[in-house]
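Biologist: Hi! Could you walk me through some helix packing in this one?
Modeller: Happy to, let's have a look.

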Amino acid sequence: MTVAQFFGCALIAFGPPISMFAITIATDPIRTIMLVASSFFWLLALLFSSILYSAVTQLNNALIFGVVFSVLCQELFRFLWFLVIKKAEGGLRKVSDGNLQIVENKHILAYVSGLGFGMIAGAFSLVNVLADMTGPGTIGLKGDPLNFFVASAITSLAFIMLHVFWGILFVNAIHRRAYLQLAYVVLCHLLASCITLMNPAYSVTIPTVWILTILSGMLAFIVAGGSLRTIKAAFNGHSRVLQVTTTDDSIPTASEGGI
């Protein structure tokens, strides 16, 4: 039973992200490199926040401080990753072998980077839970919530998807200087992370996190150029990509084109 629960919860949390990776990223070496590199930046954010949390000894018992500072560090390193990619655009053009989508379409790069952030964040948040899930014994023998493992997997999946959507919104906000959109990403991240401190009140935390996930997904879909027409084209098997061109040095404009 414990092994079955392990695989079930692992597939709940990582099944959709792995499918996204296999379908949209794995066939492109540049996208794969970008995903791994963005994951490394998330690890740097975790390291930096951990060092500061350990250094500020008087706040070590205040979990809310660690959560807030970790979120701010992640958003800071998301911005640093954006700056690195912006500086590396020339090199990406040279090694892309004629496939310039990831360079010219900022939403593709944001999606790949967001998935990298999300998958490594999900792995770190759930790996210890999965390790204990295989036994010996099972949860709930001492009055603990019986749905802890499933709730943890569902929450991890939500945060993985949130990182994807936050990545798209973040990059779009910087390019368009949409500071309200940028503030939404940071505040949404803070709210989603802080609400988990209410666990094991899963009837409150899980719906709240998933409402934020759906809202962020809708916003990301819109800013990436999504519409009813693109949804119909996807279901009809006509893939389309959003081509991003630049009218000046800072503000991109979008137009659709088929591939």
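Biologist: Which residues in helix 8 meet helix 9?
Modeller: Q181, Y184, C188, L191, A192 and I195 do, and in helix 9 they meet T205, T208, V209, L212, L215, S216, L219 and V223. Contact here means heavy atoms within 4.5 Å. Helices are DSSP runs (H or I, at least four residues), numbered from the N terminus.
Modeller: This is a predicted model, where local features need pLDDT of at least 70, side-chain atom pairs count only at pLDDT 80 or more, and totals for chains, interfaces and linings use all residues. Residues are numbered from 1 along each chain as its sequence is written, and side-chain values use heavy atoms, with hydrogens and water left out.
Biologist: How do the axes of helix 8 and helix 9 cross?
Modeller: At roughly 160°, coming within 10 Å, for residues 179-195 and residues 202-223. Axes are lines fitted to C-alpha atoms over the stretch in contact, with angles from 0 to 180 degrees between N-to-C directions. Helix 8 is therefore roughly antiparallel to helix 9 (over 145 degrees).
Biologist: New topic: at what angle do helix 2 and helix 6 pack?
Modeller: About 50°, with axes 8 Å apart; helix 2 is residues 29-55 and helix 6 is residues 106-133. So those two are oblique to each other, the class left after under 35 degrees (roughly parallel), over 145 and 65 to 115 (roughly perpendicular).
Biologist: Which residues meet there, in helix 2 and helix 6?
Modeller: Among them are R31, F41 and W42 in helix 2, and G116, F117 and F124 in helix 6. The contact divides into 15 nonpolar, four polar and one charged. Nonpolar covers Ala, Val, Leu, Ile, Met, Phe, Trp, Tyr, Cys and Pro, charged covers Asp, Glu, Lys and Arg, and the others, Gly among them, are polar.
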